[in-house]
Amino acid sequence: RRHLQEASQQLTEIINSCLESESSTQSPEPHGEGDPGAEEESALHCLWVDKFTPQRYMDLLSDDYTNRCLLKWLKLWDTVVFGKEKAVKKSRPKAEPRPPFSQAKEQQNKWKTKVQLTEEILEAELDQHKRPKYKVALLCGPPGLGKTTLAHVIAKHAGYNAVEMNASDDRSPEVFRTRIEAATQMRSVLGANEKPNCLIIDEIDGAPAASINVLLSIIQHKDGEGEAGARRRRREGGLLLRPIICICNDQ
């Protein structure tokens with residue numbers, strides 16, 4: 001046990017020295033005031049999975065196709081959440097069509113990558129409120145794959161404040177509805193930089209059927225018109241205008 005502790009301490013010191021040298025070359029300006037002793041003490045007892053967790057999109061080591069598709073889906077909410085109009089790609093001036101290559105143009109879709117086809121499918125499905133057709137993204141896979149880390153990093157990268165809740169903890173459908181509405185309809189007020197929320201529901205496979213029905217009713221809620229629609233909106237809540245990412249182990 002003593003040998004293992006010594007080897008672990010040596011490896012930790014090597015990694016820390018490498019990280020310190022990288023951070024000093026990237027940011028030469030001094031950091032804010034703090035207690036270095038407390039930071040060293042917390043770093044000493046911090047798990048490596050927490051200490052070296054990815055902080056940026058480029059730090060992710062998970063499947064690139066999954067990362068890009070989730071980011072693409074999250075960026076489709078920009079019009080509703082941030083009021084950003086979708087950038088229109090400028091078409092290049094086309095040359096005069098040549099008869100021998102007319103057949104090749106018909107087969108362009110055949111050579112598109114899996115990512116390009118998925119992005120086109122996502123972009124083609126927007127409702128009348130400029131929201132994506134699929135209001136919820138589901139990440140599934142075995143424990144330790146990095147699903148929660150991916151959701152947090154992608155949400156931060158897209159300009160959101162990640163709000164996490166555990167579906168297994170809130171067994172009551174009323175509490176489940178309240179927490180979802182609070183996370184998707186309120187803004188983060190911590191600090192001057194106020195960001196919209198992105199709700200991350202972990203362990204959705206452990207939620208009871210009643211809570212799943214609550215989530216489905218929120219997703220499928222339509223904006224009714226007239227006095228009856230206004231009363232129903234007050235009773236059931238408004239339209240879902242924030243993205244929701246669900247995470248499960250067993251699909």
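1. Trp48 is partly exposed in this predicted model. Its relative accessible area is 37%, a value that lies between the cut-offs of 20% for buried and 50% for exposed. The residue is placed in helix α3, which covers residues 48–51.

2. Trp48 also belongs to a nonpolar patch on the surface, together with Leu11, Ile14, Leu19 and Phe52. The accessible area of these five residues together is about 430 Å². Helix α1, residues 2–26, supplies the largest share of the patch, namely three residues.

3. Which strands pair with β4? Strand β1, residues 136–140, pairs with β4 in the parallel sense over five bridges, and strand β3, residues 197–202, runs parallel to β4 and is joined to it by three bridges. Individual partners can be located in the structure above. Val136 has Ile244 as its bridge partner in β4, and Ile200 stands opposite Ile245 of β4.

4. How many salt bridges does a search of the whole structure find? The search finds four. As a general principle, side chains of opposite charge can pair when their charged atoms come close. The next three points describe examples.

5. The side chains of Arg56 and Asp59 meet in a salt bridge, with a distance of 3.3 Å from N to O. Arg56 has a relative accessibility of 55% and so counts as exposed, because the cut-off for that class is over 50%. Asp59, at 27%, is partly exposed.

6. Asp78 forms a salt bridge with Lys75, and their closest N and O atoms are 3.1 Å apart. Is Asp78 buried or exposed? Asp78 is buried, because its relative accessible area is 8%, and the class requires a value under 20%. Lys75, at 37% relative accessibility, counts as partly exposed.

7. Arg177 and Glu181 form a salt bridge through their side chains, at 3.7 Å from N to O. Both residues lie in helix α9, residues 173–185, and they are four residues apart, about one turn of the helix. Arg177 is partly exposed, with a relative accessible area of 26%.

8. How far apart are Gly238 and Glu181 in sequence and in space? The two are 57 residues apart in sequence, and their C-alpha atoms are 8.9 Å apart in space. Gly238 has its place in the loop between α11, spanning 226–236, and β4. At 32% relative accessibility, Gly238 counts as partly exposed.

How values were computed. Residues numbered from 1 in each chain as written. Predicted model: local features only at pLDDT ≥ 70, side-chain atom pairs only at ≥ 80, totals over all residues. Heavy atoms only, no water. Pairing = 2+ DSSP bridges. Helix = DSSP H or I, 4+ residues; strand = E, 2+ residues; numbered from the N terminus. Patch = residues over 30% accessible without salt bridge, like charges linked within 9 Å, V, L, I, M, F, W, Y side chains within 5 Å. Areas by Shrake-Rupley, 256 points an atom, 1.4 Å probe, with all protein chains shown as cover. Buried < 20%, exposed > 50% of the residue type's maximum accessible area, 1.4 Å probe, protein only.
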